Amino acid sequence: MNDKVLVIDDERPTLKMFTLLLTAYGYEVLTAENGREGVEIFTRESPELVLTDIKMPVMDGIAFALIAARDHPEIPILLMTGFADQRERANGLDALIHDVVTKPFSLADIRRAVVDALNGVSRDDTNLRRYA
Amino acid sequence: MTLDERLSSRFPRIGLREKLLFSMLAAILFISVAIALVSRYILVSSLTNELEMRGFAIAHSVAERGGSYILDNDIPKLLVLIFDEARLRQRKDLVAYIFIEDQTGHILAHTLTHTLPENLRGNTLPPGKPDSIKLMELGNQEVYDLAAAINEGLYRIGTVHVGLNKRHIDTLVGKLRVAFLGFISAVVVITIILSSWLSKYITKPVSDLTRLSDEISRGNFDIPLKLGSGEDWDSSQCPAFSNTDLPCWHFDQSRSGQTPAETHRKCADCAFYRKHQGDEVVQLGDSFRNMVWSIKLYRRRLRESEEKYRSLFDSGPDPIFVVDCASGTIRDANPRATELYGYPREELLGMPFLDLGPEHNAACLDFFTEGGGGCVYYPKRLHYKNGGEPFFVNMHACPISYRGKQAIIIAVTDITGLIEKDAQLIQAAKMKSLGEMSAGVAHEINQPLNAIKVGSEFLSMMEEENLEIPKDHFKEVVNEISTQVDRAAEIIDTLRSFGRKSDLMEESVNLNEPVRAVLSMVRRQFELDNIHFDLNLAENLAPVRAHSNRLQQVIFNLVANARDAINDVSHADGGGDRRISIRTGSLDGLVFVEVRDTGGGIDEKDQQKIFEPFFTTKEAGQGMGLGLAITYGIIKDYSGEIRINSTRGRGTVFRMEFPAAHPRRETTV
């Protein structure tokens, strides 16, 4: 059984690319276009990992993370953002969030973050590595 | 030509003086001759009568006394008797002869010194008649022969003949003739003198008037006007002469009563107006003087006015044309017109006015040829210079009468500079909008960039790690990358066209296009702000004449204001109805766009003012208050209307309406 990864992004092309990539690496990919949809799928499908954009209409990534972490704190959540200020917002949520990657990110970073998260590598290490 | 006609054609050519003289002479002569003839007749007949009476008295006296001598046949006494009678004092001049004949015709006695000529015996007295008279000839003199019967009882016994000299009467008549001729001559001389004085009195002023009016017709108003007792004018005495605003009530009576409310003003004592006092000649002179002064006054005013308007026309900073209504050609143009339009004056005169602005001038000409009155203002019309360079003008057209024909006077203001300034202001405002838009555009452009980046990295990772990708996946990724590049290019194009300075010429625009263009640039940013768009764009919308990017600017302004209004009442994360509805459609030849927000609405008092420049409800430093003013200006430029409908607490609707472009104009431009 492949690991289920939930990807939440309001940009459909980006979503499509993630789907293709993660499928190629052998993950089962679930997609949602905003936080609210994400919450629905998250509770229904219980994925192994969530990859979410922060800035989204209807419900943003941080709101989603707060809900998701409340129900399933064990599931790692990776946040992606294109804006420095959004990254600042995420800084206070370290307890909930496994990792934050900054756009434009390389797919290698994403993939590593995904693999690390699923393998239970300490997020402190990744954080250290990212911000060293 | 008969004599009558010749006379009547010559009559007007004879001078008044001659006419007067001749007619007076004819009248006087006729009267004198008539009096002379009548007097002569009366005199001659009464003299003859008198003579006859005296003659008969002598004859009867001789007959009375001589009867007895005849009966007695006493011839010597008879002779003494007739000699006594004939020679008695003055009678000897009067009596030519006396002779007595008896009943048988035998001469008894006579006073002649020679034998009695036979011809004297022609005056026979018929029986029963006491006396008889007959004109006879004695020698070479005429005599009246008066015969009287000598009676004795009932029987006639003889006849007395008395011859009276006619010469005596003739002398008297001759004296009378001389006296009459002298009298008539004197009357004629007096008549000539009188009539020549009178005719001079009448004709002198008339000839003077003729001479003066000839001079005046030639335009010489400066000749001294000395008519009758008149002295020359001093123009400075007349206030109306130097001040052309002042009407002259004395002369220009026709102007009084024109405006009933106006008080009827008069100079207390006009220095020039002459009341007609004196005989007809003096009255004529006064009337002429008044007329000349009036002409002089108003001619001067006319000239002054003409000079004033001519100099206005010539020195006017704006082109002015006089266009003939019937033919539509330019009849006159001022120097500024030749300068601005670049045609030489000779070419401009006679040129159809339509050539200067083929698109717009026809409406103006049609308006006046179809009998439109009053002045009309045509804003922002396109005209062309010599060589085809277009420029914008405002036109003022008024009907006038020019050289007896119906014409239009058209003043043209070149507003190209103004429009360019407008365009610069709009451009500056647009640049500001562009700045405001940039964050949204960055969002929009980030999306395709992310997708491209992810796609290309995906391909390179697959290659690096030697992973097999299904062919359809590969194709999908490549297509997606290409689509995203197109999308980014489109956003940049939209942005570029938004920032571009508009042409002077308008284009046909479907109102849906600017709405979509603006949304393509800002939609994502608004949605991230939790503001959603409801679009209701009508299909097959008629185009309008406008500039697409200025309409984008208008729509962006309205959308940005809508966002600010929504943000004023609710927070992006706080929920609530955060919606901007955009609707397009057409109604009665108008095409409209509505932008509705769910903000707090605008106070009634502010609704009146929001389109005024520098009016803002935002805090200091947040806005200049020019956005809606410029929006208003742009909409007005396209003959559009913008209306606001707002209820406090329930949002605001901005509705713009534009006239649908006429299909005919679309094809010609």
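This is a predicted model: local features need pLDDT of at least 70, side-chain atom pairs count only at pLDDT 80 or more; totals for chains, interfaces and linings use all residues.
Helix α2(A) passes helix α3(A) in a right-handed crossing. Residues are numbered from 1 along each chain as its sequence is written, chains are lettered from A and ligands numbered from 1 in the order in which they are written, and side-chain values use heavy atoms, without hydrogens and water.

Back to the pair in chain A. α2 covers residues 35-45 and α3 covers residues 61-71. Helices (H or I, at least four residues) and strands (E, at least two) are DSSP runs, numbered from the N terminus. The two axes lie 9 Å apart, at an angle of about 15°. Axes are lines fitted to C-alpha atoms, for helices over the stretch in contact, and angles run from 0 to 180 degrees between N-to-C directions. So α2(A) and α3(A) are roughly parallel. The cut-offs: under 35 degrees is roughly parallel, over 145 roughly antiparallel, 65 to 115 roughly perpendicular, and the rest oblique.

Who touches whom? α2(A) brings A:G35, A:G38, A:V39, A:F42 and A:T43, and α3(A) brings A:F64, A:I67, A:A68 and A:D71. Contact means heavy atoms within 4.5 Å. By type, that is 5 nonpolar, 3 polar and 1 charged. Ala, Val, Leu, Ile, Met, Phe, Trp, Tyr, Cys and Pro count as nonpolar, Asp, Glu, Lys and Arg as charged, and the others, Gly among them, as polar.

Next, chain A against chain B. 24 residues of chain A are in contact with 26 residues of chain B. Together the chains bury about 2,300 Å², 64% of it on carbon and sulfur atoms. Buried area is the accessible area (1.4 Å probe) that two parts lose on being put together, summed over both. On the chain A side, A:M17, A:L20 and A:L107 lose the most area to chain B, together 27% of what that side buries.

How many salt bridges are there between chain A and chain B? The count is 3. A salt bridge needs a side-chain nitrogen of Lys or Arg within 4 Å of a carboxyl oxygen of Asp or Glu. A:E11 pairs this way with B:R524, with the closest N and O atoms 3.4 Å apart. Over all chains, the total is 37 salt bridges. One inside chain B joins B:K380 and B:D637, at 3.5 Å from N to O. B:K380 sits in strand β8 (residues 376-384) and B:D637 in helix α16 (residues 627-637), 257 residues apart.

B:R524 comes up again. α13(B), residues 512-528, uses B:R524 among its contacts with α11(B). α11(B) spans residues 416-464, and the two axes come within 7 Å and cross at roughly 95°. They are therefore roughly perpendicular. From α11(B), the contact includes B:M437, B:H443 and B:E444. It divides into 7 nonpolar, 5 polar and 3 charged residues.

Last pair: α5(B), residues 167-217, and α7(B), residues 280-315. Their angle is about 10°, with axes 10 Å apart. That makes α5(B) roughly parallel to α7(B). Among the contact residues are B:Y201 and B:L209 of α5(B), and B:F288 of α7(B). This contact has 11 nonpolar residues, 1 polar and no charged.

Terms used:
A crossing is left-handed if the near helix is turned anticlockwise from the far one by less than a right angle, and right-handed if clockwise.
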